[in-house]
Amino acid sequence: MLEDTFANRLKKALDYNNMRPIDLANKAKISKAQISNYLKGSYKAKQDKLYTIAKILNVSEAWLMGYDVDMEREWIEEKSPSELSIDNARYIETTTRTVKIPLLGKVPAGVPIEAIQDILGYEEIPASMLNSGENYFALKIEGDSMYPEYMSGDVIIVKQQPDCNSGDDCIVMVNGDDATFKRVVKQEKNLILKPLNNQYEPYVFSEYDIMTKPVKIIGIAIEVRRKLRK
């Protein structure tokens, strides 16, 4: 959960390391003006700069961005941004070759995934999944509309993307409401959101509906995780 600002954390890290802003600018090869903007809170560092600054200051990227995690870096083997992409520090480092992604209870309308504060916990995925720049989150399923393949309480790992193939199980936002989890069936001019439980009726949207409601795909389910016992 976000508990502080990037600017405040950067100041704390500089003080902790007895380092002046100009020293950080020289070591990170970032302009003094840019470091000044970071400290004023005018800008947040992008991923490549965030990684460089955190490594120099020996702090966690997630901590530096203001999240409620340990300050110390936990990587046994350092990885560059090209090897591991962290979107707005939503991914938290571990000592193995995995990263933690946020487990959400729901996806509210109009809120970017990286800005959602309703985090139930974290799920681990292989760090290699982030190599191509994709973003992921986990979602806890409630209800039985996707039974029997998915059960209430299951956790699905979702790859964020704005489109899918027909037959994919997707997180979809409809008419500005909270996102729903359904199987997407594409027809020539229609889009069908199909529950897998026959007790529920499918939702059929015309080409006009898709544009005007609107109907937006947020991501596709790539894995389901289920606890056999509590």
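Biologist: What should I know before we start?

Modeller: The model is predicted, so local features need pLDDT of at least 70 and side-chain atom pairs count only at pLDDT 80 or more, while totals for chains, interfaces and linings use all residues. Residues are numbered from 1 along each chain as its sequence is written, and side-chain values use heavy atoms, with hydrogens and water left out.

Biologist: How many helices and strands are in the protein chain?

Modeller: The protein chain has 6 helices and 10 strands. Both are DSSP runs, numbered from the N terminus: helices are H or I with at least four residues, strands are E with at least two.

Biologist: Why is N197 called buried?

Modeller: Buried means under 20% relative accessible area, exposed means over 50%, and partly exposed lies in between (1.4 Å probe, protein chains only). N197 has 9% relative accessibility, so it counts as buried. N197 sits in the loop between β8 (190–194) and β9 (203–206).

Biologist: Which residues does N197 touch?

Modeller: N197 touches D144, S145 and Y147, leaving aside residues up to four places away in sequence. Contact means heavy atoms within 4.5 Å.

Biologist: What joins Y147 and P148?

Modeller: A cis peptide bond, with omega about 15°. P148 lies in the loop between β4 (136–140) and β5 (155–160). A cis peptide bond also joins K213 and P214, with omega about -15°. P214 is in the loop between α6 (207–212) and β10 (215–225).

Biologist: Is K11 buried, exposed or partly exposed, and why?

Modeller: K11 has 38% relative accessibility, so it counts as partly exposed. K11 lies in helix α1. K11 and L39 are 28 residues apart in sequence, and their C-alpha atoms are 6.7 Å apart in space.

Biologist: What makes E61 buried?

Modeller: Its relative accessible area is 2%, so E61 is buried. E61 is in helix α5.

Biologist: Why does N18 count as exposed?

Modeller: N18 is at 73% relative accessibility, so it counts as exposed. N18 is in the loop between α1 and α2. N18 is not a glycine, yet its phi is positive, about 50°.

Biologist: And why does K29 count as exposed?

Modeller: K29 is at 75% relative accessibility, so the label is exposed. K29 is in the loop between α2 and α3. K29 also has a positive phi, about 55°, although it is not a glycine.

Biologist: Which residues of helix α4 are buried?

Modeller: In α4 (residues 47–57), Q47, L50, Y51, I53, A54 and L57 are buried. Their cover includes α1 (6–16), α2, α3 and α5 (61–64). After α4 comes N58, whose phi is positive, near 60°.

Biologist: What makes α1 roughly parallel to α4?

Modeller: α1 and α4 pack at an angle of about 30°, with axes 10 Å apart. That angle makes α1 roughly parallel to α4. Angles under 35 degrees count as roughly parallel, over 145 as roughly antiparallel, 65 to 115 as roughly perpendicular, and the rest as oblique. Axes are lines fitted to C-alpha atoms, for helices over the stretch in contact, and angles run from 0 to 180 degrees between N-to-C directions.

Biologist: Which residues meet between α1 and α4?

Modeller: F6, L10, A13 and L14 in α1 meet L50, I53 and L57 in α4. By class, this contact has 7 nonpolar, no polar and no charged residues. Nonpolar covers Ala, Val, Leu, Ile, Met, Phe, Trp, Tyr, Cys and Pro; charged covers Asp, Glu, Lys and Arg; the others, Gly among them, are polar.
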